[in-house]
Amino acid sequence: MIVLYSAIKQAAALALVGCLALTLATSTGCGSSDNADYASIGLVPITGTVTLDGQPLEGAVVMFEAPDTTFSYGTTNADGNYEIKFNSEVMGVPPGDKIVRISTTASTGEVDTEGADDDDDDAAARRKKKKKRNPNEQVPEAYNEDSQLQATVSDSQTVFDFALKSDGSPL
């Protein structure tokens, strides 16, 4: 009986240590986002307006995509105005050359997990694998999947307006 009591006591102690370790690990995490050093990235605040055939384009996702396929994004309001986010916590875009993609059916990526299980995690390759165009898309391919829109983000260039045309002709 004493041996059984000792074994139970030892198991309970191990369980307690395990629970404490788990609590400590989940409460500290990998570091708080409050400690992220966004200043070192040199983010540039980007705003602008998107119109389609002269009318404000509401609910369009505007993505500024870097050559490595990372992107910053924003969504247009009823007036077609947007502000670009670096991520869900901070506004801005890293400086440099970007391809701009505008879509009324795209996700901002904050919740989208499409392609997350693929061996190929190259965003551009995933886009090309899509079989057909979404019939609800209002923006021509020339401004999204096959975008010809480009922007050079710098401290001196912070406003980018896009006057899109239904026929996809160059701006």
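**Figure 1. The open sheet of the predicted model.** Four strands, written in the order β4-β3-β6-β7, form an open sheet in which the pairing is antiparallel. The strands at the edges are β4, covering residues 71-75, and β7, and each of these pairs on one side only. Neighbouring strands of this sheet are turned against each other by 30° on average, with direction ignored.

Figure 2. Strand β3 is joined to β4 in the antiparallel sense over 5 bridges, and one place to look is V61, whose bridge partner in β4 is T75. On the β6 side, 5 bridges join β3 to β6, and these two strands also run antiparallel; here E65 has I99 of β6 as its bridge partner. Strands β6 and β7 pair in the antiparallel sense over 4 bridges, and D97 finds its bridge partner in T152 of β7.

**Figure 3. Strand β3 and its two faces.** Is strand β3 largely enclosed or largely open? Because 5 of the 5 residues of β3 are buried, the strand is largely enclosed by the rest of the structure.

**Figure 4. The surroundings of V62.** V62 lies in strand β3, which spans residues 61-65, and it counts as buried because its relative accessibility is 0%, where the cut-off for buried is under 20%. When neighbours within four places in sequence are left aside, V62 is in contact with V50, S72, Y73, G74, T76, Y82, I84, V100, R101 and I102. One of these residues, T76, is 14 residues away from V62 in sequence, and the C-alpha atoms of the two are 7.5 Å apart in space.

**Figure 5. The largest nonpolar core and its member L164.** The largest nonpolar core holds 21 residues, and those touching the most other members are I46, F64, Y82, I102, F162 and L164. The elements that give two or more residues to this core are β1 (47-52), β3, β6 (96-103), β7 (150-153) and β8 (162-164). In general terms, nonpolar side chains tend to be buried together in soluble globular proteins. What does L164 touch, not counting residues up to four places away in sequence? The residues touched by L164 are V50, T51, L52, D53, L57, I102, V139, Y143, L149 and L171.

Figure 6. How many salt bridges are counted? The count comes to 1 salt bridge, in which the side chains of E65 and R101 meet at 3.0 Å, N to O. This pair links distant parts of the chain, with E65 in strand β3 and R101 in strand β6, 36 residues apart. E65 counts as buried because its relative accessibility is 5%, and R101 counts as buried because its relative accessibility is 9%. As a general point, side chains of opposite charge can pair when their charged atoms come close.

Figure 7. Once neighbours within four places in sequence are left aside, the contacts of S147 are with I99, V100, R101, E141 and A142.

**Figure 8. Two loop residues with positive phi.** D53 has its place in the loop between β1 and β2, the latter covering residues 55-56, and its phi is near 55°, a positive value in a residue other than glycine. Is D53 buried or partly exposed? D53 counts as partly exposed because its relative accessibility is 44%. T69, which is not a glycine either, has a positive phi of about 70°, and this residue sits in the hairpin of β3 and β4, which has 5 residues between the strands. T69 counts as buried because its relative accessibility is 18%, and the cut-off for buried is under 20%.

How values were computed:
Residues are numbered from 1 along each chain as its sequence is written. This is a predicted model: local features need pLDDT of at least 70, side-chain atom pairs count only at pLDDT 80 or more; totals for chains, interfaces and linings use all residues. Side-chain values use heavy atoms; hydrogens and water are left out. Buried means under 20% relative accessible area, exposed over 50%, partly exposed in between (1.4 Å probe, protein chains only). Contact means heavy atoms within 4.5 Å. A nonpolar core is a set of buried Ala, Val, Leu, Ile, Met, Phe, Trp, Tyr and Cys residues joined through side-chain atoms within 4.5 Å. Two strands pair if DSSP finds at least two bridges between them. Axes are lines fitted to C-alpha atoms, for helices over the stretch in contact, and angles run from 0 to 180 degrees between N-to-C directions. A salt bridge is a side-chain nitrogen of Lys or Arg within 4 Å of a carboxyl oxygen of Asp or Glu.
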